[in-house]
Structures are given as structure tokens and as C-alpha cells.
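Subject: Structure for you to look at

Dear colleague,

Please find the structure below, with the sequence. My notes on it follow.

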Amino acid sequence: MTGMTGSWLRISGLLLRYLYLYRRSAARIMGILFWPVMDLLVWGFLTTYLGRMVLPSAVVFLLGAVIFWDIFYSAQQAITLSITEEIWVRNILNIFVAPVSVPELLIATSIVGAARAGTSAAFLALLAWAFYSFNLAAIGLALVPFFFALILFGWAMGMFTMALVLRFGQAAEALIWGIPFLIQPISAVFYPVKVLPGWLQPVAKALPSTHVFEGLREALKTGRVDVRRLATALALDLVALLLGALFFAWMLSRVREKGYLSRLGME
Amino acid sequence: MIQVENLTKRFGDVVAVDRLSFEVRRGEIFGLLGPNGAGKTTTIQLLLALTTPTSGTARVLGWDVTRQRRRVLQRVNFSSAYIALPSNLTVRQNLKVFARLYGIRKAEERVRELLELFEIPGIADRPTGALSSGQLTRVNLCKAFVNDPEVLFLDEPTASLDPDIAEKVRSMLKRFQRERGVSIVYTSHNMREVEILCDRVLFISRGRSVAQGSPAEVIERANGASLEDIFIAIARDGELRDTAASRE
């Protein structure tokens, strides 16, 4: 079956696969809820303490940062783990001999990424409200584009790490968890970009996440959204997505050329 | 159904498939045979577009496998004893996922049909990881037939099965070949099985074609040696010599 209906059926098949996977795996559910909640609790109580001692607005900034960082992290993880899981259970060849196109695979995994990030963020926002009276929704509709900008960057990085996993197999698994934390220190997540050394600031500013977190802090402080910053983040997202998709397609063609798929399938 | 011409695949200095040419006709079971490392798996990978050829062409159902990958994959399928379906999903869930991946609208109905066809409706809601080897093989075959393929690639489907179940699987495959006219590319190290099942065979060694024809023709060319002896001779010498003479 070809055309849009066929494409949708294949995408829905992949989504069904991921839904079954999450429904049947306590570890996956933990991944969505447990670790982000632990992060929120540790940072939340620490910043409450700091807020009383030093700077009351720190609570708001840091809690917002924890919740928003998790949006990026969840989106990236969901995409990469979708493929890694197929390698773990030796199902990857079954997927690659099915008539699934690269865009269909990327769309399905991106939907999973967005769903996971949304679920996680909603849960964390609720907890932050219950524990620290932190109302994320007070930022209003400005939340939506920030959320969206981080999801897009999560997708781009997810494609990048998924490509590395396809190329290097289980040897690259550490990168799934490692790459986001390589980006975190230079994304101005918990502190402004001007804190970074001068030579590192241009690198930080090339990341969409930096503009999101800077913009988020601004919005939390003033209640206004810096549209220019948001537009920069979205423009950089598009570049990252394009590069991520091209890198994935290039790596997949290399993997096909070198015959690594069957090695992955039987690893 | 399949035309392969001068197909070559190099991995650096290693020539895994070396100017291989053969064809598989409609409705025949074609045995792709040879010792470990001969190039069988790489040949199947090339025919399934999992790997791209260095040179030569492979056409399945008239389409170039590399250029028209999705058209080919829509109408072929694959099963191997060495890959698995997710063990934590039930049989029904696994098959439903694959029915959708092959663009089948009424996935639930198709799954029911397949489970009936392979005489395993009773295990539909059991986790795939809890099945016996025989049941797993049938479930893998259900997956392989999910899109009613015109060409099927089966990589040692009876490996690890007891003789009774292996015989049942062979009978099923023969029945599907007869009733549905499906062409099957079959790899196995069990030469008795190959003799029973395959209409034609291709022996390869070091990526090259060594002998090709019906099992009877190949046996005749080797002066009446059994396929088992031919296999051993090819594994040891890398070519088909006067096998009967070498046995004496």
C-alpha cells in the first residue's frame, strides 16, 4: 500500500509498537516519571532553601529550568530509545525489512518523543505546584512556543544519537544518556549565558536551547516573551532538525553500505 | 521473480559476494547453500536492501532492490531463526504491529486468519517470550506471511527445532508454495531437508557460485554424491570436485 493512507498505517504501526512497549515496561514508565520527579524534588528543595537565604526569584528560575530541561531530555531519549529497544530485543531487522521509509520512522519516533515530553512536563508542573506553589502556567501562552522549541531540538538531537546507535550499536549506548549532559552546561539551563567564558559563549548561542532558557528566564522575570529570542531559537531548531535528518539519512546509507544492520540485528 | 546479475559486495578487502548470478522462478523453493561465511547471509541482505551492492544488479519482482527498496519490501518478507520478535508483547500485539507496518487495513482480521492458518489461535494472547521454539517458529512464519508475500526469504527457519516440528514446518511451507505460488529463498545446513524441500539449489563458497540446478542435477554432476557430501566437499575445498571419487 502506498500514498498517505499507507504511510499513516505504517506510522500508526510504529506508534502501536511503542505504546505496547511503554505499557509493558515498568522501566520505561520510570524513565518518564521517576527520574524527572527525583530531579524536581532535589532541585526544588535546594532552591527553596536558597530562595529563603539568598534570592527569592532563584526558586522560580531553577524550577522552570528543571521542568523545561526535562522536555528536551525526554524528547531526545524517546527517539533514540525507540530504535535502541529494537536492537536490544533483536527486532531491528524485522523493522528494516518492512516497507517503512526514513521519514515515517522519524515521524513516529518524534510523536513518541513529544508525547513523552508532554506527559513528563505536565506531571512535573503539577508536582511543582503541589510542593513549591510554583505555577508554571502563570507564564501563560508563552509556554507553548518555548515547549515547542525544546521539543524540536530534542528531536534533532534524538536523530543524531539514533544515527550513532545505528552505526556503532550497543557500543554507542552511553551516548544516548551522555550527549544531553554534554549540551546542558552550555545551554544556559540553570544560569545565564554570560556566566560562561567568552570563548564558549558563541558556541552556547549556536544552540537553540540556550535561547529558550534565556527567554524562559526573561519571561519568568518580566512576564513578557522576547519574540526575537524565540524566533532565533526556532530558526536554530530548523537548522538542527535539518542537520539531524541529513546526518541520520547519511549514517543509514553508510550503515547499509557497510552491512552493519545485520550485525545490529544479531548483536 | 528474482534476477541477480554479477552481484558483488566488498567489505574493504574482503569480497563477501563475488559476481554472483542466479534467478529464482515463480513458485519455486530455491535453496541458497554453503558453509558458514560463504556469503549466503550477505546475499539475502543484498536482496532485502539491508546492504547496498558494490556492483552488479539484483531485481526482485522486476524492481531494482536498491533503487526501489520500498516497492520490493512491500511484496516480500523475511524470517530468520536468529532474529526475534519483542518477547514482552503478546503474539497478537506483535502481529498487529507488523500488519500495520505492511499497510494492512484490517490488521486484527489478518492476524486472526494467520493464526488459524498456522494452527496456533490458542497462543494469540500469550507473551511471545513464553513460547516454545516450535510455536515461535510458527509465529515468525505468521509475521513472514502477514503481507501475503510473493517472495519469502527464510534464513534457517528450522534451526533449533526438533525433527517432528521441523517436518511440520516443511509441510506448511510446501503447502503455501503450492496453494499461494509464493517463491521462497531458503537457507539451511540440513541437506536432507534441502533435498526434500527445494526445487533448485545454489551452492556458494567464498561468495562465488559453485554449483547450481535442481538437487538431482547437482547430485548427478557430482557423480551421485549426496547433497551432504557435496556440502562437505565445498566447505573443505571451496569448489565442487568429483565428490564421489574423493569419497572412495
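Is Ala219(A) buried or exposed? The model is a predicted one, and in it Ala219(A) counts as buried, because 21 other C-beta atoms lie within 10 Å and the cut-off for buried is 20 or more. Ala219(A) sits in helix α9 of chain A, which covers residues 208-222. Leaving aside residues up to four places away in sequence, Ala219(A) touches Ile139(A), Ala142(A), Arg224(A) and Val225(A). Leu15(A) is 204 residues from Ala219(A) along the chain, and the C-alpha atoms of the two are separated by 35 Å.

Chain A as a whole

Chain A has 11 helices and 0 strands. In sequence order its pattern is α-α-α-α-α-α-α-α-α-α-α. The radius of gyration of chain A is 19 Å, close to the 18 Å that the globule rule gives for 267 residues, so chain A is as compact as a globular protein of that length. Along the principal axes, the C-alpha atoms of chain A fill a box of roughly 60 × 40 × 35 Å. Of the 267 residues in chain A, 45% are buried. If one takes the contacts in chain A between residues at least 6 apart in sequence, 77% of them join residues at least 24 apart.

A pair of helices

Helix α6 of chain A (residues 143-168) and α10(A) have axes that come within 8 Å and cross at roughly 20 degrees. Angles under 35 degrees count as roughly parallel, so α6(A) is roughly parallel to α10(A). The crossing of α6(A) past α10(A) is left-handed. In the contact between α6(A) and α10(A), 23 residues are nonpolar, 1 is polar and 3 are charged.

Where chain A meets chain B

Which helices of chain A supply at least two residues each of the side that touches chain B? In the contact between the chains, 30 residues of chain A meet 30 residues of chain B. The helices in question are α1 (3-23), α4 (92-96), α10 (227-258) and α11 (260-266) of chain A. α1(A) gives the most to this side, with 8 residues. By type, the residues on the side of chain A that touches chain B are 13 nonpolar, 10 polar and 7 charged.

Regards

Notes: Residues are numbered from 1 along each chain as its sequence is written. Chains are lettered from A and ligands numbered from 1 in the order in which they are written. This is a predicted model: local features need pLDDT of at least 70, side-chain atom pairs count only at pLDDT 80 or more; totals for chains, interfaces and linings use all residues. Two residues are in contact if their C-beta atoms, placed from the backbone, lie within 7 Å. Helices (H or I, at least four residues) and strands (E, at least two) are DSSP runs, numbered from the N terminus. Ala, Val, Leu, Ile, Met, Phe, Trp, Tyr, Cys and Pro count as nonpolar, Asp, Glu, Lys and Arg as charged, and the others, Gly among them, as polar. The radius of gyration is taken over C-alpha atoms; the globule rule is 2.2 Å times the number of residues to the power 0.38. A residue is buried if 20 or more other C-beta atoms lie within 10 Å of its own, exposed if 12 or fewer, and partly exposed in between; C-beta atoms are placed from the backbone. Axes are lines fitted to C-alpha atoms, for helices over the stretch in contact, and angles run from 0 to 180 degrees between N-to-C directions. Angles under 35 degrees count as roughly parallel, over 145 as roughly antiparallel, 65 to 115 as roughly perpendicular and the rest as oblique. A crossing is left-handed if the near helix is turned anticlockwise from the far one by less than a right angle, and right-handed if clockwise.
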